[in-house]
Amino acid sequence: MAVDHTRFLEDLHKLREFGASGVGKGVFRPAYSKADIAARQWLADRMADAGLTPHFDPVGNLFGLAPGRSLLMGSHSDSQPEGGWLDGALGVIAALEIARSSDQPISVVSFQDEEGRFGVTTGSAVWSGGLPLDKADVLTDGSGVSFGEARSSMADLSQGFVDPARFSGFVEMHIEQGPSLDAANEQIGVVTDIVGIRDMSVTFEGQQNHAGTTPMHLRRDAFQALSLFNTRLNERFRNVVTPQTVWTIGRVDLHPNASSIVPGRARFSMQWRDGDPDRLSRMEEIIRTTAQEIASEQGMVLTYGPLLGLEPVTMDQSLRAALEHGAEQVAPGRWRRMPSGALHDATNVSRLMPVAMLFVPSINGVSHDFAEDTTESDLVAGLRVLDLAVQSLDGQAR
């Protein structure tokens, strides 16, 4: 059977309806939300229609299992709080279409909480053995809800964990989430490796006080400590990082967050990414040293949340070669080999089996935003590359 491009696009647009934001094609489908669970139940029905056996594991990862040993394909279907319609969803629906049409047995997966409501790619981290379930259960989101509480909302669907030994490898299709392909008018990116990531929360606790009567030289202002930390950190990273290294303070919680009160506490996220594990460790050392200096200078109590992270991963040569073969046929002269600066479930899955990844362009490089989009011709091109790659792998197996 040939892949059905129309059915593929229809399913992709149907999945977008779960948690549709009302702004463009954006979605609001965080892990374990009503929209997320409804989307997974719809996906389970589509998997069953495709002849696969739907299987929810204890953390809400949804598998569509082919009989016997199979190639696993997919991504995730949860979204950022203000997310795009393709991030993760594309890989799941593309995998479903390949499973319908391939002569080779293909299983499909939609991992849970890839977007990090509770941690770093939580669902695949637990399934791969990188994060023990009891440690995952105590992770909390920004509202204080624990992972254990959240996953209990899917308890009636839960079965056991799927044995990874039934899969020969994992292939994940994704939007690039960056500008490289779009800027170069290229259609396909075959991923060479995925960067490593570190993520933790940092808290400066000073003294809450009156904003009108507390002299500046007597303040223990937690926000001023954060501001000084950020400035000093950027200076100290300058001689350590490369142009590909990135670091982000993406979430800041001030307490009590009132205009007439000197903030007594600043809790913020600290995330950094690089392809070199040694550089990641060096950056952690600089972060901790700098934070301790600021705390001492500003009269702050310094605390940290758990350090979460994943190591850099190199893609499997055989799976990658199959994707390159497909890319050359579909987009000759318009594809490239490239690293992934974004984190993906494939990083966790690489602990268990060979992995590979395929990118299609993001218009203007936009992702993690309601404006995220990709032309339908590029979406279909990516599907065709996957199809040809699977055919190539099937031929090798024979």
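**A walk through the fold**

The protein chain has 12 helices and 17 strands, counted as DSSP runs from the N terminus (H or I of at least four residues for helices, E of at least two for strands). Its radius of gyration, taken over C-alpha atoms, is 22 Å, close to the 21 Å that the globule rule (2.2 Å times the number of residues to the power 0.38) gives for 398 residues, so the chain is as compact as a globular protein of that length. Keep in mind that this is a predicted model, where local features need pLDDT of at least 70, side-chain atom pairs need 80 or more, and totals for chains, interfaces and linings use all residues. Residues are numbered from 1 along each chain as its sequence is written, and side-chain values use heavy atoms, leaving out hydrogens and water.

Of the 398 residues, 55% count as buried, meaning under 20% relative accessible area with a 1.4 Å probe, protein chains only.

Now look at helix 1, residues 5-16. Buried here are F8, L9, D11, L12 and L15. Down the helix axis they fall within an arc of 160° (from the directions of the axis to the C-beta atoms), so they line one face of helix 1. At the start of this helix, a side-chain oxygen of D4 comes within 3.1 Å of the backbone nitrogen of T6.

Further along sits helix 10, residues 317-330. D316 caps its N-terminal end, with a side-chain oxygen 3.2 Å from the backbone nitrogen of S318.

How values were computed:
Buried means under 20% relative accessible area, exposed over 50%, partly exposed in between (1.4 Å probe, protein chains only). A polar contact is a pair of N or O atoms within 3.5 Å; within protein, one must be able to donate a hydrogen and the other to accept it, and residues adjacent in sequence count only if both atoms are side-chain atoms. The expected span of a helix is 1.5 Å times one less than its number of residues.
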